[in-house]
Amino acid sequence: MVRWFVELNFPTLIILVFMSVFLISNSIFQKNINRTFGLSLIMTIVEMLSYSAELWAAGHGGSASLCIFFCAMGYSVRPMIVYLFVKLSLRNNQTNRSSHFLLLLPMYLNILAAFSAFFTDIVYTYNSSNEFVRGPLGYFTHIVSIIYMLLLLLLTIRRFCSRDYSEGLIIFLIVTVNIIAMITESVMSMYGTGRTAFALSIVFYYLFFSVESFKRDPLTNALNRRCFYIDSEKHKDELTAVISIDLNDLKKINDTGGHAKGDEAICTTVNTIDKAVLRGCTLYRTGGDEFMILCIKKEQSDVEKMLADIRSEIKKTPYTCALGAAYIDGEDFDSVCAKADAEMYRDKQKYKAKTK
């Protein structure tokens, strides 16, 4: 039996073992993210064990009730795995109780449908020969999974619209791979492809989170200083301008309101600036209250308009910023950054002169 189980699930087993080691040894993510990934692993394991037990019971004289129980367990947890992907994608969004209930409702209905096989054959049943028989609602679990996948696609579109291409692409690939796996299982009877697709999706989404943790500033989620220099080298032939930004009066904010208020000011500044950043331009947090923008293939008029838009957006907040821009004109990158900083400091001096 052990050999049969390993042969049936070997790819998924290897993936789950390695993923479990990563989760146990990793402490860089927030607890809720690690917990969600852990739950997705547990659900995948439950689905794998349930399906294997169902096959074993059906082929070795188990009762119809036992086969139905294992099938119901497997059917119940499949959409849960996709739901957990939705939860990871929505990690930074606040949802009210009614929205949260609506999000969970398809999963609850699927559990009821899966276990209804004990009382009715409308979804599925096992006949006297221990053969699986699909009922009129036999694809209800697949439909619920597709509902969650469609929601993931909507979240992908939203991420693309907000220029979050990297996570949007990962989610799109997860949905695509899992839909293909569901089709191969349902149409071509290639059982196990869905489970392997789920396990691989968990790993690659986790890999995305790991890469992002090295690229992003943990407070603001803006790209960090390392990315600033990597991207400046990668796009050195396309760069047209560099913008230097510094939040005014951060020390005063920290002294009067504490560091929590200072963090709030920094996060508000990043979110506000990001609204005005043009496509092809990227914002980085390069220091405590220091930010830089790299402009790729942008005319000076575009950059000037973006600076005006940033100032306009910042005026809507309780904070102010000093800004300075420098344009690429045959000089090396460090010299251009120094010019942008010099312009920013001149702007800061003007602000200080006004507020004396």
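## The second largest pocket

In this predicted model, the lining of the second largest pocket draws at least two residues from each of H2, helix H3 (64-89), strand E2 (132-134), H5 and H6. Helix H3 gives the most, with five residues. The volume of the second largest pocket is about 390 Å³.

Which residues lie nearest the centre of this pocket? They are Tyr-51, Glu-54, Tyr-75, Arg-134 and Tyr-191, out of a lining of 20 residues. Sorted by class, the lining has nine nonpolar, five polar and six charged residues.

## The largest pocket

The largest pocket has a volume of about 1900 Å³. Its lining is made of 49 residues, and Asp-164, Glu-212, Arg-216, Asn-221 and Ala-222 are the ones that lie nearest the centre. By class, this lining counts 20 nonpolar, 14 polar and 15 charged residues.

Several elements supply at least two lining residues each, among them helix H2 (31-59), helix H5 (140-161), helix H6 (165-188) and strand E4 (281-285). Helix H7 provides the largest share, five residues.

## A look at Ser-213

Helix H7 is also where you will find Ser-213.

Within the chain, the side chain of Ser-213 reaches the backbone oxygen of Ser-210 at 2.6 Å. Beyond its neighbours within four places in sequence, Ser-213 is in contact with Ile-28 and Phe-29. Although Ser-213 and Phe-29 are 184 residues apart in sequence, their C-alpha atoms are 7.9 Å apart in space.

## Helix H12

Helix H12 runs over residues 333-355 and has 23 residues. From its first C-alpha to its last, H12 reaches 33 Å, close to the 33 Å expected at 1.5 Å a residue. At the start of H12, a side-chain oxygen of Asp-332 comes to within 3.2 Å of the backbone nitrogen of Asp-334.

Which residues of H12 are buried? They are Phe-333, Val-336, Cys-337, Ala-340, Met-344, Asp-347, Lys-348 and Tyr-351. Here a general point about helices is handy to keep in mind. An α-helix has 3.6 residues a turn, so residues three or four places apart point the same way. The cover over the buried residues of H12 includes helix H8 and helix H11 (300-314), together with strand E3 (239-247), strand E5 (290-296) and strand E6 (321-327).

Notes. Residues are numbered from 1 along each chain as its sequence is written. This is a predicted model: local features need pLDDT of at least 70, side-chain atom pairs count only at pLDDT 80 or more; totals for chains, interfaces and linings use all residues. Side-chain values use heavy atoms; hydrogens and water are left out. On a 1 Å grid over the protein atoms alone, a cavity is a set of points where a 1.4 Å probe fits but cannot get out, and a pocket is an open set with protein on both sides within 12 Å along at least five of seven lines; lining residues have an atom within 4 Å of a point. Grid points are joined across faces, edges and corners, and a volume is the space filled by probe spheres set on the points. Helices (H or I, at least four residues) and strands (E, at least two) are DSSP runs, numbered from the N terminus. Ala, Val, Leu, Ile, Met, Phe, Trp, Tyr, Cys and Pro count as nonpolar, Asp, Glu, Lys and Arg as charged, and the others, Gly among them, as polar. The expected span of a helix is 1.5 Å times one less than its number of residues. Buried means under 20% relative accessible area, exposed over 50%, partly exposed in between (1.4 Å probe, protein chains only). Contact means heavy atoms within 4.5 Å. A polar contact is a pair of N or O atoms within 3.5 Å; within protein, one must be able to donate a hydrogen and the other to accept it, and residues adjacent in sequence count only if both atoms are side-chain atoms.
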